[in-house]
Amino acid sequence: MSEPLSETDSGGDPPAPMKFTRTTAGQLLIACSIIAAIGAIVVVSVVVGGSRPPAVQSDSQSSMHSPPADGPSMQAADDPIEQAREVVGGSYSYERVQQATAAALVATGTPVTTDNFSRAWSSALAVTDKLGIEPMEVMLCVPELASSKSGLTFPEVAALCASEIYLGKR
């Protein structure tokens with residue numbers, strides 16, 4: 001049988017892996033690993049989601065006061081805004097979630113459609129999973145960050161927002 005790992009090494013210090021996570025360099029390495037994982041999620045979402053859609057074409061598509069007009073009326077179970085409200089614990093009104101999502105889509109040049117509302121929230125959830133960050137924080141950050149990072153897709157900007165929020169830069 002192998003000998004169990006002790007809580008201290010022969011010099012009375014914690015084992016090397018424990019020492020490293022307590023240093024600034026160790027914490028930076030952990031943060032970089034998380035950012036790399038988020039980057040991998042973005043790549044997967046872009047590959048699975050296809051290429052970047054064209055920019056919004058009409059005012060009727062970008063209306064933030066009515067549900068997207070790309071299909072028949074939806075039941076609550078099929079409504080991505082209602083689903084997003086449930087994910088964020090119902091702490092935001094339907095209109096606030098819809099406005100934040102539409103603003104984020106418009107800021108990244110993504111058409112405001114039912115499918116893109118759903119994709120946007122899937123991206124926000126993917127980049128916040130296990131980071132202790134609220135998806136709505138990311139959704140609210142996207143328009144602000146997208147304005148300074150032109151040319152990036154919604155998933156890319158969402159990943160950058162999640163990284164900055166996690167690192168305390170926002």
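Biologist: In this predicted model, how many residues apart are E82 and R85 in helix α3?

Modeller: E82 and R85 both belong to helix α3, which covers residues 80-87, and they are three residues apart, about one turn of the helix.

Biologist: What makes the meeting of E82 and R85 a salt bridge?

Modeller: The N to O distance between the side chains of E82 and R85 is 3.2 Å, and a salt bridge asks for a side-chain nitrogen of Lys or Arg within 4 Å of a carboxyl oxygen of Asp or Glu, so the pair of E82 and R85 qualifies. Side chains of opposite charge can pair when their charged atoms come close. The structure holds one salt bridge.

Biologist: Which residues of α3 are buried, and what covers them?

Modeller: The buried residues of α3 are P80, I81, E82, A84 and R85, and their cover includes α4 (94-107) together with α5. At the start of α3, a side-chain oxygen of D79 comes to within 3.0 Å of the backbone nitrogen of I81, while G89, which follows the helix, has a positive phi near 80°.

Biologist: How do you know that the length of helix α5 agrees with its number of residues?

Modeller: Helix α5 has 15 residues, numbered 114-128, and at 1.5 Å a residue it should span 21 Å; because its end C-alpha atoms are 21 Å apart, the two values agree. Among the buried residues of α5 are F117, W121 and V127.

Biologist: Why is K130 called exposed?

Modeller: The relative accessibility of K130 is 78%, and exposed means over 50%, so K130 counts as exposed.

Biologist: What makes the link of C141 and C161 a disulfide?

Modeller: The sulfur atoms of C141 and C161 are 2.3 Å apart, and a disulfide is called when two cysteine sulfur atoms lie within 2.5 Å, so this pair meets the definition. A search of the whole structure finds one disulfide. The pair links distant parts of the chain, with C141 in helix α6 and C161 in helix α7, 20 residues apart. The angle about the S-S bond is -85°, and the link of C141 and C161 is left-handed.

Biologist: Are C141 and C161 buried or exposed?

Modeller: C141 has a relative accessible area of 5% and C161 has a relative accessibility of 0%; buried means under 20%, so C141 is buried, and C161 counts as buried as well.

Biologist: Why does S163 count as buried, and what does its side chain reach?

Modeller: S163, found in helix α7 (residues 154-166), has a relative accessibility of 10%, and it therefore counts as buried, the limit being under 20%. The side chain of S163 reaches the backbone oxygen of A159 at 2.9 Å.

Biologist: How many helices and strands are in the chain, and what percentage of its residues count as buried?

Modeller: The chain contains seven helices and zero strands, and 32% of its 170 residues count as buried. Among contacts in the chain with a separation of 6 or more, 61% are between residues 24 or more positions apart.

Methods
Residues are numbered from 1 along each chain as its sequence is written. This is a predicted model: local features need pLDDT of at least 70, side-chain atom pairs count only at pLDDT 80 or more; totals for chains, interfaces and linings use all residues. Side-chain values use heavy atoms; hydrogens and water are left out. Helices (H or I, at least four residues) and strands (E, at least two) are DSSP runs, numbered from the N terminus. The expected span of a helix is 1.5 Å times one less than its number of residues. Buried means under 20% relative accessible area, exposed over 50%, partly exposed in between (1.4 Å probe, protein chains only). A polar contact is a pair of N or O atoms within 3.5 Å; within protein, one must be able to donate a hydrogen and the other to accept it, and residues adjacent in sequence count only if both atoms are side-chain atoms. Contact means heavy atoms within 4.5 Å.
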